[in-house]
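I opened the notebook to go through contacts, domains and cores in turn. My notes are below the model.

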Amino acid sequence: MNPLYTLPVDEPAYSFGFLDEYAKREVRRSILKAICIPGYQTPYASREMPMGRGFGTGGLQLTLALIGPGDTLKVIDQGADDSVNAVNLRHFVELTCPGVDTSEHTAEASLIQSRHRIPERPLEPSQVLVLQVPYPDPLVIVEASESRRKVMHGEGDYSRLLTKLYEDIVQFDEITIAHRYPTRINGHYVIDPSPIPRFDISKLHQSRALTLLGAGREKKIYAVPPYTNAAPLVFDDVPFRVEDFTDDDGHRRPCGRCASRESFLDEIIDDSGTRHWQCSDSDYCNEHLAQADTGERP
Amino acid sequence: MGYVAIKGGGRAIQGADAALDALRTREGEQGTPLSLDTIENQLRLLTSRVISEGGLYHPRLAALAIKQMQGDTLEAAFALRAYRSTKPRLLQTPVQNTANMRLIRRISSAFKDIPGGQMLGPTPDYALRLMRMDLADESPEAFRSMAQRFLDDVPASDLPDSFPKVVDALRAEGLLPALENTTQEAFDITREPLVFPVPRSAALATMARAETGSLLAIAYSNMRGYGDVHPTIAELRVGYLPVMLPHPVTGEPVEAGEVLMTECEVVAMYENEDGSGTPTFTLGYGACFGHNEVKAISMAILDRALQKGMRDGPGNPSEDPEFVLLHVDGVDSMGFASHYKMPHYVTFQSDMDRLRTTQQKQAQSEPSTPGDCA
C-alpha cells in the first residue's frame, strides 16, 4: 500500500439503503421470482451486512431492497420492538435510509421485519411482512445434502419428513417439532416458516399481506404471497396442536398485564421464583391495555 | 408487575459500545493509541489474514478493522466484507500471470534444485521458538536501524524480479498433464450463490477468502487419514503480483498496482484420468491475498481432494464440495455461532410446551408406583 495513502475521514455517508444499487436490484428480482413460485427457495448472492450472520441479515437485505422514503418500518424481535436486536436493526435502517419513518405500531407500518413472531393483529393487504430465517430448508432435519434436498423439493417428495413426524408419534405419542413447523404452501413446496411458534402458523394461511422470508447466511429468499394456502404438515388423524397456555384448572391463561386470553405468552420467572405470563407481542399488549382502560372490547 | 421482558435495548447497546472502548483505552495516560502504520507493518501477518478472509485487498482498512475490533480476526475480516457490500462491481480482472510475481520467498519441497533456486525469505519455519526476551523492552533506536542495516548488506542487483514456475518444468517433462485453455468464465461468488454442483473456480474463490483455521482443520483431516491426497509441495511462493487491467482508452493491459499474495501448488499421486493415455501426477492449487502460507497449503490440498470428490463422488468430508465450501467461511460461521446469544424466548417457550406435553403423556400412560402419593 502506498505509504502516502490516507483513509478518507470525511467520506460521505453510505448510500441509501447501504447496499449498492446492483445488489438491491438483484434482491428485488429474486423477490419477484419467489412470489411467482410460492414456497420455492430462490437462491441469491446474499451480501455481507454490518451485523452478524444469523442476526437477521437476510431479512434486512429484503427490507433494504424494498424500503423507500415515505415507508414506515416496524422491527420486532421476539414480538417486542425494544429487544436489543430489533433496536439495532431499526437504528441501522434509520441511519442508512433517510426519509423512512419507523413505528412501534403494527397498524401504522407499511413494512414489518420480524424475528420469531408474526404480529397478533391481522395484517392488511398494503403491508409486507419480512421474516428472518436461520434455516430455510425444512428437509435439513432428514437430509444433509442440499443438492439432494433440491431434488426432493422439486418432486414434492416429503415422505422422509412425514416419516420423522410418524416416528415422533410412535416414540413420544406427540409430534415434537416445537417451532419452525414444516408448512406446505399452495399445495406444493413445504417451507421452513422461520422459527415462529406453531401458534403463528395459521396467520400465514390466506394472509392478506405478502410474507417474505430471507435467509442471509444460506442465501435464499422465499415467499408466501397474499391469499395463499399455508398448511402445517400433519396426518388426517393427528390434529395440529399449537402451544398450550391452559392452567392446571383447564382455563386459558390470561396475559398478566393486559388480560388478553388470545395472544402468545412469554413465561417469566420473577425473583421470588413465581411464574407469570405476559403477551409476547408488546404492541398488541399495549393496545389491548389501552382499550381495556377506555372500557372498549378489542 | 410492570412490563419486564426486554426493555431498554437501545441504552444497553450504547453502554456496551462504551464499555468496549473503555477496555481498548484502559492504559490511560501511559497508553499510546495504535497507529494504522504500526498495525500494517508490525502485525503484518495479522493484516494479511484479515485482507485474505475479508476478501478485499485494502491493507489500510484492514489495519483499521484490526484496531477497531481489538485484534479479533473474525470480526475484522467481517467488517471489511461488510464494507465491500457497499461497492458495486465495476470490472472483472483478466487472468493474471503469477509467474510475474515479485517474490520475497519461494520454496519447493519436490526438488533440491529448482530453476531460479530456492529462496527461504522471511519465514519462522526453521527459527527456534524460544522467547526473545530482548523484544520485551525494545529500544526505538535499535528498532529503527534494523531494517536499514538489513538492506545495506544486499546489493540491489542481487534481487531478481521474477522466477520461473516449478510446475512448468514438471509439465515440460510430461509429469503433469498439459494445461488446458478454458473458455469458461470464472464463477464470481460475490455475485452468484453456490448452487451445487459448482465449478472448480467457485470452489477456489470460496476457499481463497475462507477462514484459515476452518480450512486447516478440514485439510488436516485429509492429511491424517480421512482422505489420501498425500501432497508434495511443488512450489510455495510469496510476493507481489502486478495487477494488469485493460487501459480505459486503449484497452491495452497496464499495471494498476500490485497485491501481496501467497500461492501454493501441490503435486499429488498419479492418476490415469480417463483410463487411456499416459498416467500423470495431479495438481492442487491454493492462492490467497497476503502472506498466509498455512492457508495456501490447506487450500491446495483441499482443491485436490475436491477435484477427486467432484469426479468420483466424495469418499470423506474433505472431498465433499457441499461439506467443505459451506462450512469454511468465517463471516458465516462466526455470525451464526454468535447469534445463539440473542434472545430465543419464543422458540424456547415452544420447546418447553412440547417437552411438558410429552412428559405429561408419559406420566399418564405409566401406572403409578405403589406408595407414591405425590
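**Entry 1: the chain interface.** I worked from a predicted model. I looked up how chain B meets chain A. The contact involves 50 residues of chain B and 59 residues of chain A. Next I asked which elements of chain B give two or more residues to that side. I found α1 (9–24), α4 (59–68), α5 (73–84), α12 (330–339) and α13 (345–365) of chain B. The top contributor is α13(B), with 11 residues. I then sorted the residues on this side of chain B by type. They split into 22 nonpolar, 14 polar and 14 charged.

**Entry 2: domains of chain B.** I checked the domain assignment. For chain B it gives domain 1 (12–24 + 32–84) and domain 2 (98–123 + 132–334). Their C-alpha centres are 25 Å apart. How many residues of each domain are in contact with the other? I noted 14 residues of domain 1 and 13 residues of domain 2 of chain B. On the domain 1 side, α3 (44–54) and α5 of chain B each give two or more residues. Of the elements there, α3(B) gives the most, with eight residues. I read the make-up of that side as six nonpolar, four polar and four charged residues.

**Entry 3: domains of chain A.** I repeated the search on chain A. The assignment gives domain 1 (21–139 + 173–232) and domain 2 (244–298). Between their centres, taken over C-alpha atoms, I noted 26 Å. The contact takes 14 residues from domain 1 of chain A and seven residues from domain 2 of chain A. The domain 1 side divides into four nonpolar, four polar and six charged residues.

**Entry 4: the cores.** I went to the largest nonpolar core, which has 65 residues. B:A62, B:L80, B:M207, B:L215 and B:L302 have the most contacts inside this core. Helix α10 (residues 293–312) of chain B gives the most to this core, with eight residues. Why does this core lie between domain 1 and domain 2 of chain B? Both domains give residues to this core, so it lies between them.

I then picked out B:M207. Leaving out residues up to four places away in sequence, B:M207 touches B:L215, B:M299, B:L302 and B:V328. I also logged a second, separate core of 59 residues. Among its members are A:L60, A:V128, A:L131 and A:I221.

Note on methods. Residues numbered from 1 in each chain as written. Chains lettered and ligands numbered in written order. Predicted model: local features only at pLDDT ≥ 70, side-chain atom pairs only at ≥ 80, totals over all residues. Contact = placed C-beta atoms within 7 Å. Helix = DSSP H or I, 4+ residues; strand = E, 2+ residues; numbered from the N terminus. Nonpolar A, V, L, I, M, F, W, Y, C, P; charged D, E, K, R; others polar. Domains from an automatic or database assignment. Core = buried A, V, L, I, M, F, W, Y, C linked by C-beta atoms within 7 Å. Buried ≥ 20, exposed ≤ 12 C-beta atoms within 10 Å, placed from the backbone.
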